[in-house]
There are 2 protein chains.
Amino acid sequence: MLDYLEGGLNLVKHLDEKSEALPDHIGWRLWQASRAWQAEFAAAMRVAGHGWFTEARAALLGHIPRVGTRQSTLIDRSAISKQAVQQLLDGLETEGVLERLPDPKDGRSKLVRYTHKGLDALRDGDRIKLQIEQDYIARLGQQRFAALMDALRALDARQAGAIDREAGV
Amino acid sequence: MLDYLEGGLNLVKHLDEKSEALPDHIGWRLWQASRAWQAEFAAAMRVAGHGWFTEARAALLGHIPRVGTRQSTLIDRSAISKQAVQQLLDGLETEGVLERLPDPKDGRSKLVRYTHKGLDALRDGDRIKLQIEQDYIARLGQQRFAALMDALRALDARQAGAIDREAGV
DNA sequence: GTAAGTAGTCAAGATGCTTGACTACTTAGA
DNA sequence: TCTAAGTAGTCAAGCATCTTGACTACTTAC
């Protein structure tokens, strides 16, 4: 193997770029596409003045409906530990995007709610999502885009189903 | 892994209960699908005895062809800083997955090469990828799966094009 | 042969996550 | 009604991943 490398950089380059293609399986493609979307969205959000926006925070916000939610619900819903959720909420609260209120129904619990600033960001986010989607449709064509969404939704349904079976539901 | 999938289940539940539309845009779907694939793959790798396997390391290994590569090439190719690449390589070297050799052609440079252990992991990884893919095909159907891959490849091509334009190529 | 550029390293720090240990409150049940 | 168990949230410490800045060693261009 080293013989190849010692044989000259051109050969190595050739092997790298032509003979051994970069990964082209579904996992790699999904990862690349997801990263690209995240990067595009985050950049647009920063341009729109939401400098506090990060990927981790976005992932959490994706689980908070506009009407707000209980912190414990959020913990159940997101895939991370309650301490991680709490730390992210601390940051978002400091940024003024969210606020936490005591739950009048349960003295242990807290309600997480968007501030005005948070709702503004959601609105901008929706606009940016639509813009990116329009761009994707323009490049893929309506049909291929629809097929993409359809397949992704079907995959999601399959995962929920898998859990149902595991849980004996 | 299960935590994540459970999150997906709760997502569905939430839709039923509160009927507030949760994210259903392309970015969210891509993110969910990508995370699910990563989790499934990583779990299978750990079961196969590759306990050192993590997502960050996987992302780096995805850029290292079987014949190995120069560290600087790896730095160019991956989207992270050279120091981050180095730290990941340090870890993988400690785990015995990779080794670094001086480049006989360039005294500054180092060659990154898989060890026997690393090549074993690649082989298991390929097997697992195929298994997951077969599972996806079984659930989506050949046609929908092909449409998914086609759309993802088309998106990737568009991004490469965008970069080319930015670089003035 | 020297100035500029490239490859890699070392160090310090930020972010995002983890586990463990804890307080405060609610609920179930003898 | 007590009390034990469970739930909601917090505090603290630590790990993994990634960043920027400063540096050494080597190569290349002129």
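Student: In what order do the 3 strands of the open sheet in chain A stand?
Tutor: This is a predicted model, and in chain A the sheet is open, with its strands paired in the antiparallel sense. Strands β1 (69-70) and β2 (98-102) of chain A are the edge strands, each pairing on one side only.

Student: How many bridges join β2(A) to β3(A), and which residue is the bridge partner of Pro102(A)?
Tutor: Strand β3 of chain A covers residues 110-114 and runs antiparallel to β2(A), the two being joined by 5 bridges. Within β3(A), the partner of Pro102(A) is Lys110(A).

Student: Which helix of chain A packs on that sheet, and what angle does its direction make with that of β2(A)?
Tutor: The helix is α6 (residues 82-94) of chain A, which touches both β2 and β3 of that chain. Its direction and that of β2(A) make an angle of about 115 degrees.

Student: In chain B, which strands stand at the edges of the sheet?
Tutor: The sheet of chain B is open and antiparallel, with the order β1-β3-β2. A strand with a single partner has one side left without a neighbour in the sheet, and this holds for β1 (69-70) and β2 (98-102) of chain B. The edge strands are thus β1 and β2 of chain B.

Student: Turning to the helices, how are α3(A) and α7(A) oriented to each other?
Tutor: The axes of α3 (residues 26-47) and α7 (residues 116-140), both of chain A, come within 10 Å and cross at roughly 135 degrees. An angle between 115 and 145 degrees is neither roughly perpendicular nor roughly antiparallel, and the two helices α3(A) and α7(A) are therefore oblique.

Student: How many charged residues does the contact of α3(A) with α7(A) have?
Tutor: On the side of α3(A) the contact includes Trp37(A), Glu40(A) and Phe41(A), while α7(A) brings, among them, Asp124(A), Lys129(A) and Asp135(A). By class the contact has 8 nonpolar residues and 1 polar residue, and the number of charged ones is 4.

Student: Between the chains, what is the handedness of the crossing of α3(A) and α2(B)?
Tutor: The axes of α3(A) and helix α2 (residues 26-47) of chain B come within 8 Å and cross at roughly 140 degrees, which makes α3(A) oblique to α2(B). The handedness with which α3(A) passes α2(B) is left-handed.

Student: How many nonpolar residues are there in the contact of α3(A) with α2(B)?
Tutor: Residues of α3(A) including Leu30(A), Trp31(A) and Trp37(A) meet residues of α2(B), among them Leu30(B), Trp31(B) and Trp37(B). The contact has 6 polar and no charged residues, and its nonpolar residues number 10.

Student: Which residue of chain A meets Asp156(B) in a salt bridge?
Tutor: The structure holds 32 salt bridges over all chains, and in one of them the N to O distance is 2.9 Å. This pair crosses between chains, from helix α7 (residues 142-166) of chain B to helix α3 of chain A. The partner of Asp156(B) is Arg29(A).

Technical notes. Residues are numbered from 1 along each chain as its sequence is written. Chains are lettered from A and ligands numbered from 1 in the order in which they are written. This is a predicted model: local features need pLDDT of at least 70, side-chain atom pairs count only at pLDDT 80 or more; totals for chains, interfaces and linings use all residues. Side-chain values use heavy atoms; hydrogens and water are left out. Axes are lines fitted to C-alpha atoms, for helices over the stretch in contact, and angles run from 0 to 180 degrees between N-to-C directions. Helices (H or I, at least four residues) and strands (E, at least two) are DSSP runs, numbered from the N terminus. Angles under 35 degrees count as roughly parallel, over 145 as roughly antiparallel, 65 to 115 as roughly perpendicular and the rest as oblique. Contact means heavy atoms within 4.5 Å. Ala, Val, Leu, Ile, Met, Phe, Trp, Tyr, Cys and Pro count as nonpolar, Asp, Glu, Lys and Arg as charged, and the others, Gly among them, as polar. Two strands pair if DSSP finds at least two bridges between them. A salt bridge is a side-chain nitrogen of Lys or Arg within 4 Å of a carboxyl oxygen of Asp or Glu. A crossing is left-handed if the near helix is turned anticlockwise from the far one by less than a right angle, and right-handed if clockwise.
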